[in-house]
Amino acid sequence: MQSFTYSHFPEHLSTVHVALFSNVSNTAQLKQRLVSAATMPGPEGEQERAAVNFAFIDARLICSFLHLQTAIYQAILADVQGALRTRTVHSEVLWALSPSTNITDAIRRYGISETTTSLILVRIGSPNDTTVEKQMTDVVHGSISSLDLLQDIADWSLIRKYHKIPAPAPKDQHGEETLKKTRELVVSLVACKGVLA
Amino acid sequence: MASSTQLLLASSTLISQGAEAKVYKGRLHPPSSHASNTDEFVLLKHRFNKQYRHPTLDTSLTKARVAGEARAIVKCQRAGVNVPSVRMVDASEGVLGLQWIDGKSIRFLLGGGAEGEEEVEETSEDETIDDQPEDDPLSEYNISKDDIMRKIGSEIAKMHKADIIHGDLTTSNMMLYHPRTGRTELVLIDFGLAYTSTLVEDKAVDLYVLERAFSSTHPASEMLFASVLKSYEQTMGKEWKSIGRRLDDVRLRGRKRSMVG
C-alpha cells in the first residue's frame, strides 16, 4: 500500500491510501457486499459502510499511476469546494475516471465487476488513520502488488474504447511513443472532465 | 480563508506574469516513493481576478477561458499535435495545471532573446543577449534550424486539420523539448486564445500572424518561414491550395478584414 498527503487540502481529505490487489478471488461477494451495505439500515449499516469505505477500481482501466492520481486529485478538489457530483469522494473518483457524466455508467465500468481480478483500493481520509492497510486486507482476498504493475495490467483496447480513442496503426500498436501519447491524452481527459462537453 | 488551490499556488514559484495570468512552477502530487512519475513538475496558469471587471462577469469569463483552453488542448492531443498535457483544472479558481515542458522556446533558440516583451518580471541575470556562435543553444538538441522549421510547419498543419486555430502563433509559443528518451519534439503552447473554426480565412490569418512574428523577432528569417510553409503544405495536402491563396490576400490587407463598403 502507498500513502501520500496533500498539504494544501484540509486535513480530513488530505491523505490518500492506494493499494493494488492482484489475483482477487472474492470480487462477486465483494460487489454484493457493497450493494447491500449501501442500503443497510441502523448502526450495523453504518459499520458495514465504514468497513467498505473505499473506492474500488478495476485496475485494467487505469493506464498509469498519474492517471489514478489525477482522478483522485479532481475528486478531492470537488469535495473541498462542496461540488461533489456523486455522494462520496470515493464514488467521485470513479466518476472522474469515466468519460461519461452518468454515475451508474461510471460505477459499472470503472468499479468492481465479476470479471475483475486486479483491483485498486483508494481511501481518502485524514493522515491519522493508521489501520487502513489492515482494513483493506480484511475486505479483499488477494495479494497486494506494487503499483508499478499498473502499466502492465492496463487493457488498452478497453481504455481506447471507453475514451473513444482510435486504435493506432497495427505497426505502432505497441510503440512506446504511441502509448506515451495515449497515456497523456487519458490524463488530460480525466483532468478536464469537469469542463469538457 | 485561502482555498486549497490558493495554498497550492502559494507553495509554487512564480515564473512569469502577464496581463491575463500568472504562471507558476510547482508540484501537484507529493513526491512519493513511487518512482514512475519522472516529470513531477507542473505549470500552473492562474487567471487572477481582474479588479476592473464586475466580479460576476469576471468569474464567468475566467471560467469560460480556463475551460476553453483545456478543451483546445484535449482536442489537439486527440489530433496528435504535440501539446502539454492537462494535469489539473480548477475552473472556479481560474487555475489550469499543465505538464511541465523542460525545454526552451523557439524564440530563444533562434536568438530572439529569452522571453517575450509581455513577460516583464523576468529576473535579469542573463541580460546581455549577444549571439555568440560558439555556444549555440541548438547544439544540445541535436537538430538543425531547417528541421525545426519543418516540425513547426507540420505541427501547425496537424492542428489546422483538426480545425483548431491557435490564435497567437509566435516563436515564443513553441518549445523544443528533449525527452530523456526518444527524439527531440516541438511542442505548441499557450492555447489561451485558441478556438475552433473550419474557415480558410482563420487558418490563413493564423499563419500570417506567425509570419509577422518571425519577421519582427528574427531578422532575415524569410528563408526560415518559407520552409515552415513548405512543410505545412506537405502535411495539409489538398486544403493548402485555398489557404495559400488566402494567405496572399491577407498579406496584402493585413490581419483584419476590411469592413469598408
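**Exercise 1.** In this predicted model, determine how many residues of domain 1 of chain B are in contact with how many residues of domain 2 of chain B.

*Solution.* Step 1: Identify the two parts. The domain assignment of chain B gives residues 9-31 + 38-99 as domain 1 and residues 103-117 + 137-253 as domain 2. Step 2: Apply the contact criterion, heavy atoms within 4.5 Å. Step 3: Count on each side. Domain 1 of chain B contributes 14 residues, which are in contact with 17 residues of domain 2 of chain B.

**Exercise 2.** State what area is buried between domain 1 of chain B and domain 2 of chain B, and which residues of domain 1 lose the most area.

*Solution.* Step 1: The buried area between these two domains of chain B is about 1200 Å². Step 2: Carbon and sulfur atoms give 58% of this area. Step 3: In domain 1 of chain B, the residues that lose the most area to domain 2 are B:Lys75, B:Val81 and B:Asn82, together 41% of what that side buries.

**Exercise 3.** Describe the polar and charged pairs between the two domains of chain B, and the make-up of the domain 1 side.

*Solution.* Step 2: The count between domain 1 and domain 2 of chain B is 1 salt bridge. Step 3: Across this interface, 6 residue pairs are in polar contact. Step 4: On the domain 1 side, helix α2 (residues 55-78) of chain B gives the most, with 5 residues. Step 5: By class, that side has 7 nonpolar, 3 polar and 4 charged residues.

Technical notes: Residues are numbered from 1 along each chain as its sequence is written. Chains are lettered from A and ligands numbered from 1 in the order in which they are written. This is a predicted model: local features need pLDDT of at least 70, side-chain atom pairs count only at pLDDT 80 or more; totals for chains, interfaces and linings use all residues. Side-chain values use heavy atoms; hydrogens and water are left out. Domain bounds come from an automatic or database domain assignment. Buried area is the accessible area (1.4 Å probe) that two parts lose on being put together, summed over both. A salt bridge is a side-chain nitrogen of Lys or Arg within 4 Å of a carboxyl oxygen of Asp or Glu. A polar contact is a pair of N or O atoms within 3.5 Å; within protein, one must be able to donate a hydrogen and the other to accept it, and residues adjacent in sequence count only if both atoms are side-chain atoms. Helices (H or I, at least four residues) and strands (E, at least two) are DSSP runs, numbered from the N terminus. Ala, Val, Leu, Ile, Met, Phe, Trp, Tyr, Cys and Pro count as nonpolar, Asp, Glu, Lys and Arg as charged, and the others, Gly among them, as polar.
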